Amino acid sequence: MSAEVLKGHLDGMILAVLADGPRHGYGVIDALRTRTGGKFDLPKGTIYPALHRLEQAGLIDGAWSTEGGRQRRTYTLSPAGHRRLVQERASWRDFVSAVGALMEGNIDMGGKPCPAL
């Protein structure tokens, strides 16, 4: 699935992945791929700018560490990130419910159900 399809949802998805614990950038990419059964295999050019944006916004904290002689930046949720994730999850549930009703033809149209296509 393309990054364009995820526009507006990527930040929440990254926050959800980091809710499980600290990860470096590649770990975020791998978790998104694994937890979605391979549907979201996003490139570094999509994830790293989002991580930087979230860090600048104070939603995640980054720290340098050394693993196997290589320096990596590891990210964790900040307290503000935890609060935002709660909001993102509630917003996502509302969005899914509304789109599901629309796509399945279950919207009430002035007392008459919308015909399914």
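**Close-up views of the predicted chain**

The secondary structure of the chain comprises four helices and five strands, where helices (H or I, at least four residues) and strands (E, at least two) are DSSP runs numbered from the N terminus. This is a predicted model, in which local features need pLDDT of at least 70 and side-chain atom pairs count only at pLDDT 80 or more, whereas totals for chains, interfaces and linings use all residues. Residues are numbered from 1 along each chain as its sequence is written, and side-chain values use heavy atoms, with hydrogens and water left out.

View 1. From the N terminus on, the elements follow the order α-β-α-α-β-β-α-β-β. Of the 117 residues in the chain, 29% are buried; buried denotes under 20% relative accessible area, exposed over 50%, and partly exposed the range in between (1.4 Å probe, protein chains only).

**View 2. The second largest pocket.** This pocket holds about 210 Å³ of space. On a 1 Å grid over the protein atoms alone, a pocket is an open set of points where a 1.4 Å probe fits, with protein on both sides within 12 Å along at least five of seven lines. Grid points are joined across faces, edges and corners, and the volume is the space filled by probe spheres set on the points. The lining, meaning residues with an atom within 4 Å of a point, consists of 13 residues, and His24, Tyr26, Tyr48, Arg70 and Arg72 lie nearest the pocket centre. Helix H2 (25-35), helix H3 (44-56) and strand E3 (70-77) each contribute at least two lining residues, and E3 gives the most, with five. By class, the lining contains five nonpolar, four polar and four charged residues; Ala, Val, Leu, Ile, Met, Phe, Trp, Tyr, Cys and Pro count as nonpolar, Asp, Glu, Lys and Arg as charged, and the others, Gly among them, as polar.

**View 3. Salt bridges of Arg33.** Seven salt bridges are found in a search of the whole structure, each being a side-chain nitrogen of Lys or Arg within 4 Å of a carboxyl oxygen of Asp or Glu. Arg33 pairs with Asp30, with 2.9 Å between the closest N and O atoms, and with Asp41, with 2.8 Å between the closest N and O atoms. Asp30 and Arg33 are separated by about one helical turn because they are three residues apart in helix H2. Relative accessibility is 30% for Asp30, 23% for Arg33 and 47% for Asp41.

**View 4. The network around Asp20.** Salt bridges link Asp20, Arg23 and Arg35 in a network. Asp20 is exposed at 52% relative accessible area, whereas Arg23 is partly exposed at 24%.

**View 5. The loop at Pro22.** Pro22 is found in the loop between helix H1 (10-18) and strand E1 (23-24). At 57% relative accessibility, Pro22 is exposed. The C-alpha atoms of Pro22 and Ile60 are 9.9 Å apart in space, while the two residues are 38 apart in sequence.

**View 6. A nonpolar surface patch.** Trp92, Phe95, Val96, Val99, Leu102 and Met103 form a nonpolar surface patch of about 600 Å². Such a patch is made of residues with over 30% relative accessible area and no salt bridge, nonpolar side chains (Val, Leu, Ile, Met, Phe, Trp, Tyr) being joined within 5 Å. Accessible areas come from the Shrake-Rupley method with a 1.4 Å probe, and for residues only the protein chains shown count as cover. Phe95, in helix H4 (residues 79-104), is partly exposed at 41% relative accessibility.

How values were computed. Patch = residues over 30% accessible without salt bridge, like charges linked within 9 Å, V, L, I, M, F, W, Y side chains within 5 Å.
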